[in-house]
Amino acid sequence: MCGIVGYVGARDAQELLVASLRRLEYRGYDSAGIAITNNGRIEVRKSAGKLQRLDDLLEDQPIVGTTGIGHTRWATHGVPNDVNAHPHTDASGDFVLVHNGIIENFLSLKEALLEDGHEFRSDTDTEVLVHLVADEYDGDLLEAVRRAIGRAKGAYAVVVMCAHEPGRIVAARMISPLVVGFADGETFLASDIPAILPYTRSVLVINDGEMVDINADGATVQTIEGEPVHRTPMEVTWDAGQAEKGGYPHFMLKEIFEQPAVIEETLRGRLQSDGSVILEGADFPAGFVAGLEKIWITACGTAYHAGLVGRDVLEKVLRIPIEIDYAHELRYRDPLIRPGTMTIAISQSGETADTLAAGRLATELGSRLLALTNVVGSTLSRDAADILYTRAGPEIAVASTKAYTAMLIGTYLLALRLGLERGTLTAAGAAQLAGELRALPEKANRALDMDADIAKIAGRIAGVDDIYFIGRGLDYAVATEGSLKLKEISYMHSEAMPAGELKHGTLALITEGTPVVVVLTQSHLYDKTISGLQEVKARGARVMAVAYEDDTEVAKYANHVLRIPRTADFLSPVLSIIPLQLLAYHIAKELGHDIDMPRNLAKSVTVE
Ligand code: AGP
């Protein structure tokens, strides 16, 4: 994530940049900063923490000027502190830039720049870009930026200023979003439209592979290869509040729809074409992986449900015992955690009190702690020996969706990395899995196409007294998360259980019209689950099945079938959770609940 802005005109740039960043804070709030050109010099102010801290700093040390850039950060490389905050400058201080995205080859670029005598101040991937621009500059900022980004691989929206060319800003886009806004005698840049809506409604969206060169009179756009681009700006008709949610009525829905991009982002630069995996935050000592005797997984809530998938995945790939427990149980259990084991603590926020305590206990008992978390610099990441960041971006809705999916992807990456090193996964097996993983963003997009159909089904279930979610194996793990999603935002009683467990008691509760959701993607368990489904059907249940699009059998037994694209059964949780998230969302909407902030709950549970 991260939010970026730029301004050239006649207004006080400081005030405008801070106000614009405030409207982008939902994209990240680890740190913020601005740079303004003033009398041929660039001045920078930046600070860790929310935008308010930058605002306080600027009150003490204001910057005068009418051309500037700004950034609000969601950390990906380097902890959130003052030094890692953007903007970043080169050694001379004549070049300054802000960046949203990830420079995948920053390590090799940095090594080359260090050899050439460049000195680095931050731990960010971004800083290499400003050194490259300074190196490439010979009097024309546009050409310097073009050559610099030609050396970088990855995702970026980058906005650059140079002290020698006042009143000019150059920006480029590859994957990360960027828009230009036009008004009389002033031009704006931003990650998205709401940031600049108070100043203009005339906006041009910059496409991947394009560069834009702005001054107070307007902008010229061209491709990175130098081909001129002529497009007419659009006139924005919607309001800023709507736009912050990307046009979605709730953050939860927006975050559900962000999942294809999140899957791609979490894989980016890590999954290699041969199936091998680079995990930049995991540095296992020699022999550790080969000698690994057992893995513990610990987490709470949705993260625990991701861990249930992780248990089955890691067990299948690594062929060692994997034990999972809720963090609030594990920490008081006197568990037999031994040296020679690994403990994976999973937490979106990295601040859940019980998960931190369980992780610390595991470390005390000699286990090597790996943090699977979404928040760079979180307490969990600082406690852990190894870190796997999930790159889901800030998750605003209390009901977790995209962070769950990113945790699943993190687990698959870990399984590949450890399985190849232990030799329990063949190179051919890894390459095949890698191919399937790479296809997931597009398949997740197709799964989202069911949104309108699910909204109709939701209307028929909203408000029933009880609902049950069943499945076997990985389908059971997904059922637990589907059930939690529903209960936390619909306030309906919902229960998940392994399909085989029904007849041991719960079947007594199934009567005419009781809704039962069955997840049905695991081929080796298919017939068994179908018999469970027949048992509930015989008692009058209204059955909703989540199944592959080419499943011709399931419609004989289910009242509604929510279809997902076929993938390897092993990866199906990434897709089968999508209809369940949408079902929960539409039921809660039907009931008129506060979807993003459900009653009694908080985004991050930092107390026991
Ligand atoms: C899920 O929708 C919930 N908001 C909740 O269960 C959450 O997953 C749990 O509190 C753990 O949070 P964490 O991932 O930040 O540790």
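Student: What volume does the second largest cavity have?

Tutor: A cavity is a set of points on a 1 Å grid over the protein atoms alone where a 1.4 Å probe fits but cannot get out. Points are joined across faces, edges and corners, and the volume is the space filled by probe spheres set on them. Here the second largest cavity comes to about 40 Å³. This is a predicted model: local features need pLDDT of at least 70, side-chain atom pairs count only at pLDDT 80 or more, and totals for chains, interfaces and linings use all residues. Residues are numbered from 1 along each chain as its sequence is written, and side-chain values use heavy atoms, without hydrogens and water.

Student: Which element gives the most to its lining?

Tutor: Lining residues have an atom within 4 Å of a point, and helices are DSSP runs (H or I, at least four residues) numbered from the N terminus. Helix 9 gives the most, with three residues. The lining includes Gly307, Gly310 and Leu314.

Student: And where does the ligand lie relative to the domains?

Tutor: Domain bounds come from an automatic or database assignment. Domain 2 (252-438) and domain 3 (446-591) both give residues to the shell around the ligand, so the ligand lies between them.

Key: On a 1 Å grid over the protein atoms alone, a cavity is a set of points where a 1.4 Å probe fits but cannot get out, and a pocket is an open set with protein on both sides within 12 Å along at least five of seven lines; lining residues have an atom within 4 Å of a point. Helices (H or I, at least four residues) and strands (E, at least two) are DSSP runs, numbered from the N terminus.
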